[in-house]
Amino acid sequence: MSFVPALAFDAVHHAYGRTTALAGVSLAIRPGEVVALLGPSGCGKTTLLRIAAGLERPSRGRVSAGDRPLAGDGIFVQPEKRGIGLMFQDYALFPHLDVAANLAFGLAGWPEGIVRATVADLLARIGLTGRERAYPHMLSGGEQQRVALARAMAPRPAVLLMDEPFSNLDQRLRRGMRSETIGLLRATGAAALMVTHDPDDAMAVADRIALMRGGRIVQVGTPEEVWHRPVDRWAAAFFADLEEMPARVRNGRAETPLGSFAAPGLADGSALVCLRRDAFDLAAADPEFAATVLSARFIGEHRTVRLAIDGLERPVDTHVDAKHALEVGGRVAVGIDRSQAFVFAEEECDG
Amino acid sequence: MARPTEVLGAIDGFGLAGSATALAAIAPIVALAVIAFGGDGELWRHLFSTVVPRATIETAILAAGVAAFVGVVGTGTAWIVATRDFPGRRVVEVLLLLPLAFPAYVLAYSWLDLLHPIGPIQSTLRAILGYERPADFRLPEVRSLPGAILIFGLALYPYVYVATRGVFLARTTTLVEAARMLGARPSRVFFRVALPLARPAIAAGAALAVMETLNDVGAAEFLSVNTLTTAVYSTWVNRSDLPGAAQIALAMLAFVLGLLLLERLGRGERGYAVFGRAGRPMGPRPAEGAAGFGLFLVCLLPSFFGFVLPAAHLLRQAWERLAFAGLAEEIVAETVGTILLAASATVIGVTLAALLVSGRRLHPDSRPHGLAPRIASVGYAVPGTVLAIGLLVVYGAFDTTLRATVVALGGAPTGLVISASFAGLVIALVLRFFRLAASKIETGLERISPSLEQSARMLGRGPFGAMRAVHLPLLTPAYAGAALLFFVDCMKELPATLLLRPLGFETLSTRLYGEAARGTYENGALAACLIVAFGLLPIILMTRIGRLSPVPTTSAAEGEPA
């Protein structure tokens, strides 16, 4: 890695009393890059974000921004001295200040003309021109989110932190705000670290995803990498539901009732084959198995289907195009997309 | 194991204010211990074989009696007002609060005059019953332990009333409804559900009432009860025996500590988790006709004897005095002096409380910042007399050291600089009521999300900048509320003011005390009226807030001992 990272964590540990929140996290974010910290609640992702912000002191390890050390080795830079922006989950807009004053809050000491120009520019970018005198409680949820984002970006920080930026928005608004946020980030060129528990948020916004569990980073990669090459069963299951079936590995192939799957590098013995729902293809040109439809339910764009595949003990769930009419009790032919299958050694199967 | 950065981080404006206040708060207690144990061992034995046992027993009886009275009256009236609807309910709901305006010594003052053998009540009774001379017919003496329990109880039951009313009004609704759906009759609902749930509130309110009783020096003296407080006071004032006073004060501190421990233990392990959710207020059951009137009378009784009658008497006395002698110049000077004193203490106290409370919030992982407001709050748990005796010792030591230093440096010997000075009195009041302001501000701060000040930090403000930009504007109502409570409590304060005031400086409360000591009751009536009038201010504010929210917040509920 020849670049100087915009933000870097080096073996960061943190504990609250006796609970370990972070157990040695190292991560580097390139300038201009958007990284999502993805994981279930309690995995330590918010702690890592707060450590980057300076709101929490790491018990061990180093944090740096560019070539400037922020924490570790007896150094601790106070949050206001870091030049890092943070967008809070609850937005933390100052209720006693109007939109313009909120946006200008981080610009104290700047020449007045520049402050005014910056505020006007930000308002235009977030589509709130003319609302500068409005108070936060007068804004809709989406507008508050945009003001919070713009306020954090106003002082032009090299790094922007976002704590669950979309969690307070409803599904419909969320999609629009994701692309709007990405647009703003790209326009300023700031590196960003975003905490989220929602894989869809991470996939939609991030250049790279750092998957966290139990205070550690489990996997880092582009959305494609973490989706297609999950390091373990848990990582695979975090993104989408899986159908799992036990298998036996022999000579690099995992044998299951649904045929054999490539298992390169796995020792002979028992293993687990995991299939994404999309792996079952009811419109395949070369179906391999026959199945009975146990139930089918129309849910808008899709139809969820439960199938009993001949020769398989447990039923499997999948979905088909809504146009595809299915009859409960009817027989269908099923093909399997073997690129959507992952084979993991047995001992990696936990919880 | 403090890291170097942690220690360095503590040395900022917040840290300095915090450590100075905390040091000032524990200095008098340390001084008490030093002087008490430095005193004569013989004295200990003498005091503890004569004065202390009797005073302890009387204090314990008084405290237990007051606790029982305020518990029953406060809880009972709160339950009636919260669950029954009867004609006049709104009126008694507010009337029941009013005795809060009466410091116990003012109430005692008024009742002593009312019940005087040739006072209005006994004279009227004699006239009705046809007796000629006071010697022929007499009510039982109010200057007695039972009399004192009644007077203290009447003055202090609102602490329990306010705390339990909040619980009954909003927080137990669902559970009470659940009990009713399970077929419980009203009495069973009260004893099996509402009362146990209100237990922490009752205990907190009763503990406050007992603390006030222990703090009092005026009423106990007027009513001829020998409490530990009056023992401390007379040992110093009448016998100028500072080590002796310090020893009794220490004994008293142990008493208070035991009391607080008892209250803590009384809460036990039981869960009172329902308290988190403030739900709908209970719909009160209507009571009409004789039953409704009965409930009205029951609720009227404590406020009538605790406020209406004594207040009316004071007003009449003050009016007669004014008509007879006009407005005395002293009372104007005393009012101005009282306001000046209370205002000075309020400005300093609220400023310090604001700094320390915000300082703790803005340094979440700094122990010194976290401890400062707690340590600074000890003065509220310490009775005023005890605090004053401790401060007398500290001030004396300070003046002696100062004189020695100045003389050693070749200057002219200095006199009393802080002993018996206005500044010394202000410090005492600040230390005494710091917790009142701090807890009020803390309640306000809890409603502000920490992400707001963290946001200010991320946008370039230091801790002080974050306080100024976020806490200051958002907490203005909390500061104002804290200032009002602080101001009124300073105005009413008697024991510390009595012991520490500069020579010739009189406040309304010390004037009242002096007139009562001389037996010239009518002269103090105007001062008493003024004290009660100021005491009404926070209650008016409280009832206005109470109308907006179903759960009223008051000094009683928020000033509960640590």
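**View 1. Chain A as a whole.** Of the 351 residues of chain A, 39% count as buried (a residue is buried if 20 or more other C-beta atoms, placed from the backbone, lie within 10 Å of its own). Everything here belongs to a predicted model, in which local features need pLDDT of at least 70, side-chain atom pairs count only at pLDDT 80 or more, and totals for chains, interfaces and linings use all residues. Residues are numbered from 1 along each chain as its sequence is written, while chains are lettered from A and ligands numbered from 1 in the order in which they are written. Chain A has 8 helices and 21 strands (DSSP runs numbered from the N terminus: H or I of at least four residues for helices, E of at least two for strands). Along the principal axes, its C-alpha atoms fill a box of roughly 75 × 50 × 40 Å. Take the contacts in chain A between residues at least 6 apart in sequence: 64% of them join residues at least 24 apart (two residues are in contact if their C-beta atoms, placed from the backbone, lie within 7 Å).

**View 2. Where chain B touches chain A.** Here 16 residues from chain B meet 18 residues from chain A. On the chain B side, the elements giving two or more residues are helix H20 (450-458) and helix H21 (463-474). H20(B) gives the most, with 6 residues. By type, the chain B side divides into 6 nonpolar, 7 polar and 3 charged residues (Ala, Val, Leu, Ile, Met, Phe, Trp, Tyr, Cys and Pro count as nonpolar, Asp, Glu, Lys and Arg as charged, and the others, Gly among them, as polar).

**View 3. Helices H15 and H16 of chain B.** H15(B) (residues 329-362) packs with H16(B) (residues 367-376) at an angle of about 150°, their axes 7 Å apart (axes are lines fitted to C-alpha atoms over the stretch in contact, and angles run from 0 to 180 degrees between N-to-C directions). On the H15(B) side are B:Leu356, B:Val357, B:Gly359 and B:Arg360, which meet residues of H16(B) including B:His369 and B:Pro373. This contact has 5 nonpolar, 3 polar and 1 charged residues.

**View 4. Helices H2 and H18 of chain B.** About 80° separates the directions of H2(B) (residues 13-38) and H18(B) (residues 384-408), whose axes are 8 Å apart. These two helices are therefore roughly perpendicular. Among the residues that meet are B:Ala27, B:Pro28 and B:Ile35 in H2(B), with B:Leu387, B:Gly390 and B:Val394 in H18(B). The contact divides into 11 nonpolar, 1 polar and no charged residues.

Methods. Buried ≥ 20, exposed ≤ 12 C-beta atoms within 10 Å, placed from the backbone. Parallel < 35°, antiparallel > 145°, perpendicular 65-115°, else oblique.
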